[in-house]
Amino acid sequence: MNQMNQQHPGLPGQQPPTPAGMYAPPPPKKKSAGAKVGTGCGGAFGALVLIGIIAAAMGGSDAEPQAGKPGKAATAPAKGQAQGDAEPAEAEPKEKPKEKPKAAHKSPADQFKAFVAQNGSANEKAAIGHVTKVQGADEQNDILDSVDIYTDFTGGMLGPHQSEGKLIASVFADWKQSKNGLVTIYDAKGEILSNGNF
């Protein structure tokens with residue numbers, strides 16, 4: 001008995017041993033780092049869901065007017081009208097405005113040819129008649145504008161149509177202007193015929 005009452009020197013943080021016959025509660029379990037993080041994340045997620053539900057409940061009520069009641073804009077009288085003369089916003093106009101016929105969208109090649117037809121000389125008009133395609137003419141940013149013009153000429157830079165290629169590049173510079181533009185004229189095989197700044 002004397003030994004039971006004797007205190008045992010223990011390590012710091014340890015409980016003294018319980019005497020025989022007495023119930024000792026188990027030591028408290030420590031949570032691992034993963035369990036602490038999981039609980040913290042779950043609480044944060046729950047808070048975000050709760051905030052979202054509250055925001056949806058508060059914001060949804062003002063989003064659309066009720067079906068039976070017109071909005072404020074529908075009941076306000078127009079400027080210059082008396083209160084009794086105000087028309088509801090839901091009324092359709094008496095006559096629909098006539099739609100203007102849409103002009104057919106011209107390709108850049110057609111626009112270029114139309115410009116030369118109005119402003120060009122006979123030699124320029126003859127050279128432009130050989131243009132088959134224009135790329136990049138409608139997209140300019142004045143930083144580095146690059147336009148490609150394709151023709152049905154053959155022979156490349158050393159062929160017999162180099163002068164017509166230079167003429168096309170010159171006329172293009174009259175049509176479009178850029179701070180830093182380069183126009184390149186190609187023959188039917190895709191070889192460079194001429195180029196110039198615009």
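This is a predicted model: local features need pLDDT of at least 70, side-chain atom pairs count only at pLDDT 80 or more; totals for chains, interfaces and linings use all residues.
Let me begin with strand S2, which is mostly covered: 5 of its 7 residues are buried. Buried here means under 20% relative accessible area, exposed means over 50%, and partly exposed lies in between, with a 1.4 Å probe and protein chains only. Strands (E, at least two residues) and helices (H or I, at least four) are DSSP runs, numbered from the N terminus.

Residues are numbered from 1 along each chain as its sequence is written, and side-chain values use heavy atoms, with hydrogens and water left out.

Now the confidence. The pLDDT, the predictor's confidence in each residue from 0 to 100, averages 74 over the protein, and 52% of the residues score at least 70. Confidence is lowest in helix H1 (residues 2-5), at a mean of 49, and highest in S3, at 96.

The protein contains 6 helices and 4 strands, and along the sequence they follow the pattern α-α-α-α-α-β-β-α-β-β. Of the 198 residues in the protein, 19% are buried. Taking contacts (heavy atoms within 4.5 Å) with a separation of 6 or more, 51% are between residues 24 or more positions apart.

I turn to the sheet. Strands of a sheet pair through backbone hydrogen bonds, either parallel or antiparallel. In this model 4 strands form an open sheet in the order S1-S2-S3-S4, and the pairing is mixed; two strands pair if DSSP finds at least two bridges between them. The edge strands are S1 and S4 (192-197), each pairing on one side only. On average, neighbouring strands of this sheet are turned by 15° against each other, direction ignored. For such angles, axes are lines fitted to C-alpha atoms, for helices over the stretch in contact, and the angles run from 0 to 180 degrees between N-to-C directions.

Which strands run parallel, and which antiparallel? S1 and S2 run antiparallel and are joined by 4 bridges. S2 and S3 run parallel, with 6 bridges. S3 (residues 181-186) and S4 run antiparallel, with 5 bridges. Ile-149 can be followed across the sheet: in S2 it is the bridge partner of Val-134, and its own bridge partner in S3 is Ile-185. Further along, Tyr-186 stands opposite Ile-192 in S4.

Helix H4 (residues 108-119) lies across S1 and S2 (145-151), at about 115° to S1. Helix H6 (residues 162-175) lies across S1, S2, S3 and S4, at about 30° to S4.

Lys-133 is found in S1 (residues 131-135). Because its relative accessible area is 40%, Lys-133 is partly exposed. Leaving aside neighbours within four places in sequence, Lys-133 is in contact with Ala-109, Asp-148, Ile-149 and Tyr-150. Lys-133 and Asp-110 are 23 residues apart in sequence, and their C-alpha atoms are 8.7 Å apart.

Met-157 is found in the loop between S2 and H6. Its relative accessibility is also 40%, so Met-157 counts as partly exposed. Not counting residues up to four places away in sequence, Met-157 touches Gln-162, Ile-192 and Leu-193.

Finally, the aromatic side chains. The structure holds 5 aromatic pairs. Rings of Phe, Tyr and Trp (its six-membered ring) pair if their centres lie within 6.5 Å; planes under 30 degrees apart count as stacked, over 60 as edge-to-face and the rest as tilted. Tyr-150 and Tyr-186 form a stacked pair, at 5.0 Å centre to centre with 15° between the planes. This pair links distant parts of the chain, with Tyr-150 in S2 and Tyr-186 in S3, 36 residues apart.

Lys-176 lies over the face of Trp-175, at 4.8 Å from the ring centre; a charge sits over a ring if NZ of Lys or CZ of Arg is within 6 Å of the ring centre and within 35 degrees of the ring normal.
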